[in-house]
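Please look over the structure below before reading on. The paragraphs after it take a few places in turn.

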Amino acid sequence: MVTSQARSQGGLSRLSEIAQVAARHGFGYFLRRNRLDDLAPRGTDGAIAATGSDRGRRLREMLDELGPTFVKFGQLLSTRPDVIPPDIVAELRSLQDDVSSVPVKQIREVVEAELGLTIDRAFLEFDLTPIASASIGQVHRAVLPDGQDVVVKIQRPMAAGQIEADIGLLYQAAKLLRERVQALEFMDPQELVDEFARSIRLELDYGHEARNAEIFHRNFARTDHIVVPRVIRQYSTARVLTLEYLRGTKVADLDLAVLRPDERRDIAYQLADAWMTMVFRHGFFHADPHPANIFVLDSGELGLVDFGQAEKLSDDDMANLTRLFVDAATENIDAIPRRLRELGVRYAPEREQEFRAELRVLFDRYYGTRLADIDPLQIVKEGFQLIYSLNLRLPSRFVMLDKAIATLASVGQEVYPDFNVFEVAKPYARGLLVDRFHPRTVSKRARVEALALGSVARELPYQVSDILERLRDGTFQVRIENPGIDQLDEHIDQASNRLAVALVVVGGLLGSAIIGVFADGGPHVMGLHLLSVLGFVISGAFGLWLVWGVMRHGRL
């Protein structure tokens, strides 16, 4: 009990610290407006209020100050344009997971616990100075006993515990926001924390990243200009990941001023070509094409690292994307909402006409324009604005795809200002259409569909027989589920109770008035019969209680 209470007090203390940081960065008005200012002591709201023009920057700076877990949560929010305004999404995408390194002693303890060997026995050489450091782990250069150069990614000793504690704190904050912030009724803060918890727990498992790296390595094994390092399995565990060392320079560290225009163009287009290959041919793509995750190797090839974030597109996804491309190419705007629903995009049915109208405006603005004249980042920005304004719900894999393309476009333009990601995507999209309608592909799809329909036909008589038996035995039931029916029932109960109280109040007032008019004998108070006065007082008390209950629930 003491431990639970201490943990609860610690959580409240940390929530109070978060509220103070929020107020210091200009969000004190938000705390006051939503009855959250009790978390922050008075006098902490000294900063200028975060306005519409700089609220994204202030939120990014606030998350930076709160620490690595919150930085990662901000990075997740940057992939949710359905609930986060576009200006804030743009700012949160610049959050960098970059922290100071941990002491060498702690790194030794993790490596030796995971590999069952001392560092001196496991490696011929091990550089104790990290070459990269992030919130979950840090990377060191090393040499294996066979002389192979490798990099070793080692998880911080306290990373898992700290992240779990912060996830618990985020759940507390989500509960408070759900209870007190009416402006967030259109979203579920707890669902966002659930998504974050799943994502970051996967990142904590280096075995998951190793599997992703091996898939990318196989997919690019026969590609000349892309190199994916091989995983050294015998030196990799859930908290240690060992990969081949890539000799080269990060795109983030390139001295672009000394490169010729054609060299810069080649880098940008090779980079885009790699991601288009992943998306349109492999159906499995690296979801974080950050310039620190891409190397220009000494051999002139591009090297890819950091495989914690990756997404898979199924054959159905690719088929649905193909149909979407066909409808867009033939200007069949009315079919696009249906295609998006097939891809898993969700929106309120009553807003479909508005959705079609907004799509037509966006389509008309760019249709017929040369791809070279279209700014991909502007397209992405307008798409985010549409997603947010209509509260569209996108499947996570497509949000990650959108984020990857936006990041790719930004990095490509930084390397080569005339770069256009759409120009690179065009031949891949055309090839996708050709492949999908190739006779071999069509016949294969028809065979799969025929087998599926055959299975349905085979099971149908047994299912019909089962239904008839249930009807004969009187056990056949039809169950209708409506997620909002319980809430509706609760509202009806509240309304019925309030109506009953209102009738009691009205009856009491009428009865008291009648007694006051016709009763002559008995005690009187201020000229009114005592029973009449008591009736008015009791009815008034019930009436005040009823008004207070209505106002407390915010429904007048």
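The model is predicted, and the residue numbers can be followed along the sequence as it is written, starting from 1.

Begin with the pair of helices. Helix α7 covers residues 159-180 and helix α8 covers residues 189-204. Their axes lie 9 Å apart and meet at an angle of about 170 degrees. Angles over 145 degrees count as roughly antiparallel, so α7 and α8 are roughly antiparallel to each other. On the α7 side, the residues that make the contact include Ile163, Ile167, Leu170, Tyr171 and Leu177. On the α8 side, Val193, Phe196, Ala197, Ile200 and Leu204 are among them.

Next, turn to Ile336, which is found in helix α12, residues 336-342. Is Ile336 buried or exposed? Its relative accessibility is 8%, and because buried means under 20%, Ile336 counts as buried. Apart from neighbours within four places in sequence, Ile336 is in contact with Leu324, Asp327, Ala328 and Leu359. One of these, Leu324, is 12 residues from Ile336 in sequence, while the two C-alpha atoms are 6.5 Å apart in space.

Leu460, Val464, Ile467, Leu468, Leu471, Phe476 and Val478 make a nonpolar surface patch of about 650 Å². One of these residues, Val464, belongs to helix α17, which spans residues 439-473.

How values were computed:
Predicted model: local features only at pLDDT ≥ 70, side-chain atom pairs only at ≥ 80, totals over all residues. Heavy atoms only, no water. Patch = residues over 30% accessible without salt bridge, like charges linked within 9 Å, V, L, I, M, F, W, Y side chains within 5 Å. Areas by Shrake-Rupley, 256 points an atom, 1.4 Å probe, with all protein chains shown as cover. Salt bridge = Lys/Arg side-chain N within 4 Å of Asp/Glu carboxyl O. Helix = DSSP H or I, 4+ residues; strand = E, 2+ residues; numbered from the N terminus. Axes fitted to C-alpha atoms, helices over the stretch in contact; angles between N-to-C directions. Parallel < 35°, antiparallel > 145°, perpendicular 65-115°, else oblique. Contact = heavy atoms within 4.5 Å. Buried < 20%, exposed > 50% of the residue type's maximum accessible area, 1.4 Å probe, protein only.
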